[in-house]
Every structure is written in structure tokens, then in C-alpha cells.
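Biologist: I've got a model open and I'd like to learn how to read it. Could you walk me through it?

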Amino acid sequence: MNNDPVRLSELISTSGAHRLNDEFAEFSANAEITDEEQQRILSSVMRKAGAEMKETMTTKKTRRHSRRFVGFMIAAAIAVTGAAGVYAYNQFFHKENVEHYIKNGEQLEERGLAANIQAQTDDLRFTVDTLLSDGHQAYGVLTVEHIGDKAGQALSLRDYAVTIVYADTGEFITNNWGGDAYIDGTEKAGQTRQIICIDLTGVDTQRDVKFLFRRDEPTGSFYGSGKLTGQKDNNDIPIRYECEATASLRKNVENIDLYDSEGRKVTLSEFEIYSSEVMWEDTSSTKNALKLIDKDGNKTDCTFTDITGYMETYSYITFNKLVNTDDISGVEINGIEYLK
Amino acid sequence: MNDNDLLDMLRRDPQKGLEAVVQQYSAYVLKIAYVRLGEVCTREDIEEAVSDIFLMFYNAGMKNSFDMRSVRGYLSVIAQRHCISVFHKFSKADKTLDYNELENIIADNGTDEDSLIDAVKQLGEPDSFIFIRKYYFGQKNKDIAKELGMSESTLNSRVSRGLDKLRKILKEEKI
């Protein structure tokens, strides 16, 4: 039994709230709103939802945030699920952790890309703070923290593991866990943070997935604790977990295809350059390896400033800030240009 | 238009349904937001929070085909959670909301959602109304008293007696 105080806002769920309808209705008895206020809210909601506003869009408001949700259809498509333990706010629970890897925290919030998907055991809380998908990879930030009696106690990235399966069948997709490379001494006490990177090759992104979290205790095996799912991973090892959260890997950021002179394609998305083939060498050791080319043909070297990670085998380079693909005409990787 | 009508409309034509939901519930959600955020946010920020709440409702509904039993209930939960999140963002002096007496009683008894709702219902009216206003929406005693047409001292004693009763109900159920 968990005797930690719990917020009423967390205890009362979306599925159980209907039982309090009388009480909620009573509270609303004296609720008032002016026509102008209602109109502003309606206009704002519909604009954010990417809907066509007929009359309200042309009324006189020039709100402070009125242009925040340009191109909002992307955000409107983001999975925000009401399933138990999963909910989304527009504000990050661990914004500093998100911005440690992706600098555009505000922009992510404004676009509804704060996932805040949570699950917890008695002493660990897992939060997928954000989860971006360009259709080729999903790229997110995971925060894990000690809670309860262990709150504040040291936590290692090797203390837990994550398996991702399809939500409907439990079928294995991938394992994902951190390495000590993510530890840099700036973490909060009792907390770790890491990048989640999921190759979506062969993954049906229209189906929801579950993140299955487990501690790496007490056996020291990544498969050593928690419940059996009845499924096995690619190495025929049973999948175990202690808590779970549902998420979507549906595409929610923009991307563009770029080609070199031989017609080889790479994809530039807001968070990465991706290729399904092995196309470049380790950019971290190659001077001027990566340059972004703007519409005027100007090249900006990103090699040492804007890269959070790279993978040579199926080739991706992730950025530490969102790239506006509308402003980019191409990239140069190790001297080879890939253009629209 | 009742919630069933709204849900039908949302399923048939989500955008029209969303408009109807905003028309019907914007005063309610604005009140929830104002109670929780009135001291830390500007009116403009509160309106922004309200529109975000409707958007979250819409996205959640699109995700589950508006498979929900109550628009009001669903909105209430989303609104509370979002307002608390916004409160944390804007509150400079006190970054967190203290756990209230009811939340501590819940913790002491390891109470789950069903048991809590049952217990609140057993308080009867107007005490169940008072408890949801005070402990769920965070409305101040003086405002509750004013809206319910009772003196603040009467309200205080009802809250005090109600807490005792609730504690007893939850303890009995635990046994």
C-alpha cells in the first residue's frame, strides 16, 4: 500500500469523474462568462485545433499568443491519452531535462509536444517528458527519479531499463536504456535523464505502444525484475516490467527529403538527419562534417555545436535544438551536399 | 444540450462538437481556472489556460473516439490537472501546493478513487458540494460560504465535522 499523500487531482481520474457530476454541476452553478471572454476562448481553442473559424477568426482579437499555434494540425494530432497513468500537460514536469537535450523547451510546449507520460513503482517514477517522431525515428527525453522513501537518493542509468511493445498485442519492438554517457554531474539528486531513440523501421506507428519500465534489481539482469508480459524479445528473452505507460509514435514533426548528385536520399526533420543506409562517417571527429544550408545558400557548421548524437550504422545525426525545415534548402555532410 | 448530445456531436463532427463544448462549458472551466490561478496569473493567462484545457480535452477525445461517460467530468479532471501545472509555473513565492487535510486522510488510509468518491457521496448535500469545492477545486472558505449562502463560521464547522465523518467512513471501509 502506498501511503504517500496523493493529490486529489491525480486520484480522481477521467474515467471515474462522472460519479462526481452532481458536485461538479453544483460548483458550476454560479459560473459566469462574458460574451467577449467566451468568444476569445472559442477563437483560441479553434485556432489551436487547426479548425476553420468562420466568424470568430475575423473578430478583433490580437491575443498575446494568437500566433503560437500556426500549423497546429501537427500538434492537434499528437496523442494525448486519457488512459490511466497517462496524461499530457502543456508544461513540462522536467523542463530543464528536456532543454538539456533539446533547447527549444518553450517551442515544444507551445506546440503541445510536452508528453509528460508517467508511470511509477513504489520508489521510481518514469517520465517520458517529450516524444518527437518524424516517421523514421522517435526521439524523446526520459527522466527517472527516486520517489517515496528513496527520494533524493542517488540513481544510476543502469538501475532501470525500458522495453517498448505494441499496446494492443504486447509484441516486442525494442529495448531502450541509457548508458553512463548520459551522466555528466549536472543531474538533480535522485534523478537521471536520458535520450530515448527508437528506430521506426518496420514499426507500425499507427498503433499505440507501451513503455514497460523495470528496475534493474535485484538480479542485475535487464530482464530480472517485474511481471512477465508473456512476450519475448528478439533474443527470446522474456519481457518483464513493473509499470507501464501508453504512448504514440505517430509522426508529429516536419521533415523534408534531400538528395545528393547521385540521387541518394537523406531526410532532414526538425530533430535529426536520417538515412536508412550507411552514408557517413563519425561526424564528431571530422572537421566541418555537418553544415546546414539556408535558402540563400549560406552554410552553417553544426558539427561541434548542435549535435547531440550520431549513429553510423543506419545513419542519423540528432540535433540539440529544433531545426525549422522551411528555412533549410539542404545539408552538407562530409563535403557532400544533399539538396531539396 | 446535455453531455450525451455533446458526445454524439463530437463523434459525428469533432470540430462542431468542440465548438459546442466550448460554448457550453467555457464559463465552468473559466471558473475552475480562476479559483486555482486567480492569485498568480493574469486574466489573459487564465484564458490561455482555459483554451489549452479544451484543446487537451479535444485531443484526448480524438484519441479515444470520445469514449467518455461525461464531458463535464472529463473536463473537470483535465482542468484541475492543467491548472495545478500552470500554478506551479506561475507561482513564484510558493512553488508547491500544500497537501490539504483531506489528502492527508486519504494517505493515512491508503484510499483509492472509488472509496473516496463513495465516502464523499456519503457526506450528503451540501457537505459533498463543500468538499469538492474546497478540496478538489481549491475554492476558499469565504467564497464557498458566499456562494452557498451561509456564514463562514457555519461553513468552517461543516468542514470540520465533515472531515471527521470522512475519516471515520474511510477507516471503517479499510477495516
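**Where the helices cross**

Modeller: Let's start where two helices meet: H3(A) and H3(B) make a right-handed crossing. The call is right-handed if the near helix is turned clockwise from the far one by less than a right angle, left-handed if anticlockwise. Helices (H or I, at least four residues) and strands (E, at least two) are DSSP runs, numbered from the N terminus. Bear in mind that this is a predicted model: local features need pLDDT of at least 70, side-chain atom pairs count only at pLDDT 80 or more, and totals for chains, interfaces and linings use all residues. Residues are numbered from 1 along each chain as its sequence is written, with chains lettered from A and ligands numbered from 1 in the order in which they are written.

Biologist: How many residues of chain A are in contact with chain B?

Modeller: Contact means C-beta atoms, placed from the backbone, within 7 Å. On that basis 53 residues of chain A touch 59 of chain B. H3(A) gives the largest share of chain A's side, nine residues.

Biologist: And how do I read a sheet? In what order do the strands of the open sheet in chain A come?

Modeller: Strands of a sheet pair through backbone hydrogen bonds, either parallel or antiparallel. In chain A, four strands make an open, antiparallel sheet, ordered S5-S4-S7-S10; pairing takes at least two DSSP bridges. S5 (172-176) and S10 (243-247) of chain A are the edge strands, each with a single partner, so one side of each has no neighbour in the sheet. From one strand to the next, the twist averages 20 degrees.

Biologist: How many bridges join S4 of chain A to S5(A)?

Modeller: Four, with S4 (residues 160-166) running antiparallel to S5(A). In that pair, Thr163(A) sits opposite Asn175(A).

Technical notes: Axes fitted to C-alpha atoms, helices over the stretch in contact; angles between N-to-C directions. Contact = placed C-beta atoms within 7 Å.
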